[in-house]
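Please look over the sequence and the model below before reading on. The report is written for someone meeting this structure for the first time.

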Amino acid sequence: MEATEIRRTVELEDHHWWYRERRAILARELRRLRRYGPPGRALDIGAAGGGNTRVLVRHGWDALVADYSELAVELARERGLRAIHADARELPLPDDAFDLVCAFDVLEHIEEDDRAAAEITRVLRPGGTALITVPCDMALWSAHDVASGHVRRYTRTTLRALLSGQGLVLDRMWSWNVLLRPVVARHRKSSSGSDVMELPYLVNLGLMGVITAERYLPVRSLPGVSLIVRAHRPAHG
């Protein structure tokens, strides 16, 4: 992610509807994990300024940011987070080190996404959980993807093949940002850059209301703008 995009993310993520709901999804998954045991060690790959990492910390996780950008690492540390400079394709971390690995909108930036997926598996302890989000459907490819530094968008089939091919067992995959997909598709046909921008208060509030409604509607199997995966590394033997 370019420095401009990282700074924009940090400036917007506390109040922008998209980032707020993504944090809410993470928080729900963390509450679900709490049923299976106490929080442990978590790695947040490609965390930019650490907005999601702060959710991990609030829920009791011992969290570490790993980002390719020195600026992102600096910003995360300014927020009081532990952070290291790291390439997702070759993490400078030991095997079996984390109970949870998050990679939110990371894989689509990496040409060798199989290497990044293999590293997620490697650093997870056996039985550990991975939470991964990616943009989906090349039919939605636009100037936004170019400006954001994306290499690809995924389908359910390609994402499942990528992760299972590197040793992860998929527990659940679902679509996100389903209700707004028609709006996004129409907007991106004429877009000239990234969608990540400051919005008028009422527009942001309205979009927040729409995306929040997805929590209560049976739309997760329908085409959306993003895909979310919860997976685990199988226990040895």
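What follows is a short report on selected strands, helices, side chains and charged pairs in this predicted model.

Strand 2, which covers residues 62–67, pairs with strand 3, residues 82–85, in the parallel sense, and four bridges join the two. Within this pairing, aspartate 67 stands opposite histidine 85 of strand 3.

At its start, a side-chain oxygen of serine 69 comes to within 3.2 Å of the backbone nitrogen of leucine 71. The buried residues of helix 4 are Leu71, Ala72, Val73, Leu75 and Ala76, and just after the helix, glycine 80 takes a positive phi of about 85°.

Although alanine 47 and valine 65 are 18 residues apart along the chain, their C-alpha atoms are separated by 6.1 Å. When neighbours within four places in sequence are left aside, the contacts of alanine 47 are Thr53, Val65, Ala66 and Asp67.

## Alanine 116 in helix 5

Alanine 116 belongs to helix 5, residues 113–123, and is buried, its relative accessible area being 2%. Setting aside neighbours within four places in sequence, alanine 116 is in contact with Ala88, Arg89, Leu107 and Ile110. Aspartate 145, by contrast, is 29 residues from alanine 116 in sequence and 19 Å from it in space, taken from C-alpha to C-alpha.

## Salt bridges

Side chains of opposite charge can pair when their charged atoms come close. In this model the count comes to 18 salt bridges. One of them joins the side chains of aspartate 14 and arginine 54, with a distance of 2.7 Å from N to O. This pair links distant parts of the chain, 40 residues apart, since aspartate 14 is in the loop between helix 1 (3–12) and helix 2 (17–34) while arginine 54 is in helix 3, residues 51–58. Both partners are partly exposed, aspartate 14 with a relative accessible area of 45% and arginine 54 with 24%.

A salt bridge also forms between arginine 125 and aspartate 99, whose closest N and O atoms are 2.5 Å apart. Here too the pair links distant parts of the chain, with arginine 125 in strand 5 (residues 124–135) and aspartate 99 in strand 4 (residues 98–104), 26 residues apart. Arginine 125 is partly exposed at 32% relative accessibility, and aspartate 99 is partly exposed at 22%.

Which residue forms a salt bridge with arginine 122? The partner is glutamate 119, and the closest N and O atoms of the two are 2.7 Å apart. Because they are three residues apart in helix 5, arginine 122 and glutamate 119 are separated by about one helical turn. An α-helix has 3.6 residues a turn, so residues three or four places apart point the same way. Arginine 122 is partly exposed, with a relative accessible area of 22%, whereas glutamate 119 counts as buried at 10%.

Elsewhere, a network of salt bridges links Asp87, Arg89, Glu112 and Arg115. Of these, Arg89 is also in contact with alanine 116.

## Glutamate 214, buried without a salt bridge

Glutamate 214 lies in the loop between helix 9 (201–213) and strand 7 (226–232). Is this residue with or without a salt bridge? Glutamate 214 is buried yet has no salt bridge, and the nearest side chain of opposite charge, that of arginine 220, is 6.5 Å away.

A polar atom of the side chain of glutamate 214 does, however, lie 2.9 Å from the backbone nitrogen of leucine 179. Leaving aside neighbours within four places in sequence, glutamate 214 is in contact with Trp176, Asn177, Val178, Leu179, Leu180, Val219 and Arg220.

Definitions and conventions: Residues numbered from 1 in each chain as written. Predicted model: local features only at pLDDT ≥ 70, side-chain atom pairs only at ≥ 80, totals over all residues. Heavy atoms only, no water. Pairing = 2+ DSSP bridges. Buried < 20%, exposed > 50% of the residue type's maximum accessible area, 1.4 Å probe, protein only. Lys, Arg positive; Asp, Glu negative; His and termini not counted. Salt bridge = Lys/Arg side-chain N within 4 Å of Asp/Glu carboxyl O. Polar contact = N/O pair within 3.5 Å; in protein donor to acceptor, adjacent residues only side chain to side chain. Contact = heavy atoms within 4.5 Å.
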